[in-house]
Amino acid sequence: MKVITNAFWLSFGRIGADLLSFVLFAAISRIFGPSGTGEYSYAFAIATLIALTSTAGFEEYGIRQYARAAPHERAQLWQDILSTQCVQLLIGISALAIFLLSSDQRGGALIVILELTIYVVGWMISHTFFVPALASQAMMRPALTDLTCRATAIIYALAMTLTPHPSLPWLLAGFPLAGVVLAALALHSAVQHKVSLRLARHWRGVFVTWRGTSAFAGSEALNQFYARADVLLIAYFLGNASVGLYATDIKFVEVGILPLVLLGTAAYPLLSTHAARDQVAFGHSARDFTRIVFFFSGWLAVAIYFLIPLLLVPLFGAKFAPAVTWLPWFALFAALKAWEVAFYRLLYAVRRQLFYCGSLLVGTVLIVILNFQLIPRHGILGAIGAAIASILVVDLICAYGLLRQLGGAFLTSVAARLALALAITAAAVAAAHKFASIGPLATALLACGLFPLLGVLLGMVPHPRRSLLLRQPHADQP
């Protein structure tokens, strides 16, 4: 079961590093408070935007094209990708220089932005250099390399928190080195997959690659701006302390959705190949993938609603108690955001990346307009409402774009099964409260244990041995 194996390794590597990152986030929250947490989150937002300018589009485009290409076509394809990545990196460096010269940030805040930018750029460039391995479904080594480099930087930062009077710039000093080393190891991985490091001699290949990556790059840029527009506007209207509270709840959503994103990465080469060669097989695989994502979206929502409120204050401290009141809304947002994970991956596989980019454009415009209207009136709750409304619009547009592949009846059915599982879980919890008077922890465990059982009984989880997505592919498949 190659997809499951690759999903495991990707999840092991990425979630392991992200859990350490979560611990670091909690440590920064406790040491520096909401203000320092806001500075850290703001710097990451800027770093991600600069990194997108440098690397956007290459991973998704490269994996799909590499998986579809005949062996004799891959050398030229890689040469064009590598050359375009180098040009794009120069553009990103120019954007960083312009930001540093024009920014009103000074001292330690500017150093933190620079440190995290080098780290995120190196990390995202490694995704480009890992394309030959990922497209060949050899995902274990990239996952472990990513984990090792990121974990080293985070462990160093955690060690620095134990020193007297730690400063945020010194605490994050290991991150830029980790980003550079990770990019170098990813490039070495590409060489091991017998690709050339020669750059293209003509600009034609660069322009062809740019044209191919443009919709992917647009989607990534819009997605990141869309995901951080609320953070930037909360900082503008309410200050860094409010950003810290909001970012704390968002962190649970990001960590919870991550396994679904990595499942999509593991399934992407197979989905892309089926979409190009066998529409019937693609339809079966796409529906199985959608069922899995919808199932886990509900489980994630249940966990955020019932379990996370019990963990937030013990993890981050009493100053973050106000963030607990917003978690029920973030549970709904997490479920809707998870649906997007399924839809965009399928749209990429069927070469409808421009359609997804258009949906994000609509969602981005909507979230900015709503945030300007709602944050001054309702504070953080207004930002959450804007996020929920905009992601719902994105989901509906994406679902419309996949009607031919998935079918309206299937989408209605899987959504109805998810709603039924959630309703039964809520009813069971209410009954337990009424007749057994169980406490918050027992309530959370009941809800988190009951929902997956209901999901399986309602047919939301495909059988691994009968699924074209999950079972071991035939020898003629990648």
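A: Happy to. By class, the lining of the largest pocket holds 22 nonpolar residues, two polar ones and no charged ones. In this scheme Ala, Val, Leu, Ile, Met, Phe, Trp, Tyr, Cys and Pro are nonpolar, Asp, Glu, Lys and Arg are charged, and the others, Gly among them, are polar. The model is predicted, with local features needing pLDDT of at least 70 and side-chain atom pairs counting only at pLDDT 80 or more, while totals for chains, interfaces and linings use all residues. Residues are numbered from 1 along each chain as its sequence is written, and side-chain values use heavy atoms, with hydrogens and water left out.

The lining comprises 24 residues, and those nearest the pocket's centre are Val 255, Gly 256, Pro 259, Phe 296 and Leu 300. A pocket here is an open set of points, on a 1 Å grid over the protein atoms alone, where a 1.4 Å probe fits, with protein on both sides within 12 Å along at least five of seven lines; lining residues have an atom within 4 Å of a point. The space inside is about 650 Å³, a volume filled by probe spheres set on grid points that are joined across faces, edges and corners.

Which helices build the lining? Helix H1 (2-55), helix H10 (240-277) and helix H11 (279-316) each give at least two residues. H11 provides the largest share, 10 residues. Helices are DSSP runs (H or I, at least four residues), numbered from the N terminus.

Now to helix H3 (residues 74-102), where Ser 83 is found. Ser 83 is buried, at 6% relative accessible area, where buried means under 20%, exposed over 50% and partly exposed in between (1.4 Å probe, protein chains only). The side chain of Ser 83 reaches the backbone oxygen of Gln 79 at 2.8 Å. Leaving aside residues up to four places away in sequence, Ser 83 touches Leu 199, Ala 200 and Val 206, contact meaning heavy atoms within 4.5 Å. Thr 84 also lies in helix H3 and is buried, with a relative accessible area of 0%.

Finally, the cysteines: the whole structure has zero disulfides, a disulfide being a pair of cysteine sulfur atoms within 2.5 Å. For Cys 86, the nearest cysteine sulfur belongs to Cys 149, 20 Å away. Cys 86 is partly exposed, at 34% relative accessibility.

Note on methods
Polar contact = N/O pair within 3.5 Å; in protein donor to acceptor, adjacent residues only side chain to side chain.
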